[in-house]
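Please look through the structure shown here before reading on. The paragraphs that follow lead through one chain and then parts of another.

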Amino acid sequence: MKAVAVEDAPAQLLPRARGRGIGTRAQRLPADYLFAHSPVMRLEAETASGDPAEQRVLAKLGFVREGVKRAQLVRSGEWPDVVLRSLLRTGPRPPLGRGTVTAARPLAPA
Amino acid sequence: MSDESVSLRPIAEADLSAIEDMLDDPEALGEFQWYGWRDPQRFRRRWLEDGMLGEEHVTLAVVAGGGFGGFVAANRAGVRPSAPYWTMGVQLLPRARGRGIGTRAQRLLVDYLFAHSPAMRLEADTEAGNLAEQRVLEKLGFTREGVQRAVTFRAGEWRDVVRYSLLRTDPRL
């Protein structure tokens with residue numbers, strides 16, 4: 001069994017929320033949530049290899065780099081490489097940093 | 001490697017009982033393919049439905065030395081519908097193993113998939129302990145992309161899997 005984070009955008013912040021470490025803390029929450037509420041052994045995250053910021057976020061969360069998948073999708077007319085990472089239930093999960101992101105909840109209706 | 005000819009063709013009704021016998025028999029499936037008993041009719045139902053030649057799944061019989069020797073299969077995958085690719089594999093009957101038939105059958109499947117679909121990427125994976133299949137894939141020109149940890153559960157443990165790919169633009173060996 002595996003759970004796959006949403007395509008190559010496991011988190012998507014509004015522009016006003018970017019650049020303050022919110023993504024790191026916000027992505028820690030779904031990892032904790034999924035391991036708490038399902039018996040899943042493994043979480044996967046795939047990122048464009050040209051996105052070092054997201055690579056750093058995932059590494060900080062304890063996601064281990066497993067390899068590079070070639071030509072899995074087309075973007076801007078090219079076949080970019082995608083870095084595959086995973087976090088196992090049995091793997092170390094670094095502590096959640098201090099910050100303003102303290103909870104996740106279902107999306108509210110507009 | 002022997003001189004016997006290897007070819008692919010659609011699955012025939014007469015192949016189904018050989019497939020079902022193998023899938024029911026842990027010994028026949030071999031060390032890395034036994035995941036417990038499953039619905040024994042599933043192959044027959046798919047064969048009746050579309051000859052196992054659907055848009056999403058393709059299964060072809062491997063003919064070796066004139067007889068049915070097992071099958072190769074490909075499933076459509078993709079992170080976006082705009083760029084589908086295939087994951088592929090082979091399952092030979094015990095009597096067809098150990099003579100290079102799996103290598104040749106998978107080479108034929110590679111050529112078939114690139115000839116009849118615009119896919120850019122073919123993917124194959126095998127358990128980290130299955131060194132024989134890793135050698136076969138490398139012999140066909142597949143690139144080892146990485147090891148996915150704890151991705152499949154077999155015989156009481158989570159197992160690592162080696163992921164390989166072959167691109168349309170890669171040299172085919």
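Helices (H or I, at least four residues) and strands (E, at least two) are DSSP runs, numbered from the N terminus. This is a predicted model, in which local features need pLDDT of at least 70 and side-chain atom pairs count only at pLDDT 80 or more, while totals for chains, interfaces and linings use all residues. Residues are numbered from 1 along each chain as its sequence is written, chains are lettered from A and ligands numbered from 1 in the order in which they are written, and side-chain values use heavy atoms, with hydrogens and water left out.

Chain A has two helices and four strands, and along its sequence these elements follow the pattern β-α-β-α-β-β. Of its 110 residues, 39% count as buried, where buried means under 20% relative accessible area, exposed means over 50%, and partly exposed lies in between (1.4 Å probe, protein chains only). Chain A exposes about 6,600 Å², of which carbon and sulfur atoms supply 59%; accessible areas come from the Shrake-Rupley method with a 1.4 Å probe, and for residues only the protein chains shown count as cover.

The loop between β3 (64-69) and β4 (82-88) of chain A holds A:Ala71, and A:Ser76 is also placed in the loop between β3 and β4. Most residues other than glycine have a negative phi. A:Ala71, although not a glycine, has a positive phi of about 50°, and A:Ser76, not a glycine either, has a positive phi of about 50°. A:Ala71 counts as buried because its relative accessibility is 4%, whereas A:Ser76 is exposed, with a relative accessible area of 73%.

In chain B, B:Ser5 lies in the segment before β1 (6-10) and counts as partly exposed because its relative accessibility is 49%. Leaving aside its neighbours within four places in sequence, B:Ser5 is in contact (heavy atoms within 4.5 Å) with B:Val63, B:Ala64, B:Gly65 and B:Arg104. B:Met22, by comparison, is 17 residues from B:Ser5 in sequence and 23 Å from B:Ser5 in space, C-alpha to C-alpha.

Another residue of chain B, B:Asp25, is placed in the loop between α1 (13-23) and α2 (26-29), and B:Asp25 is partly exposed, with a relative accessible area of 31%.
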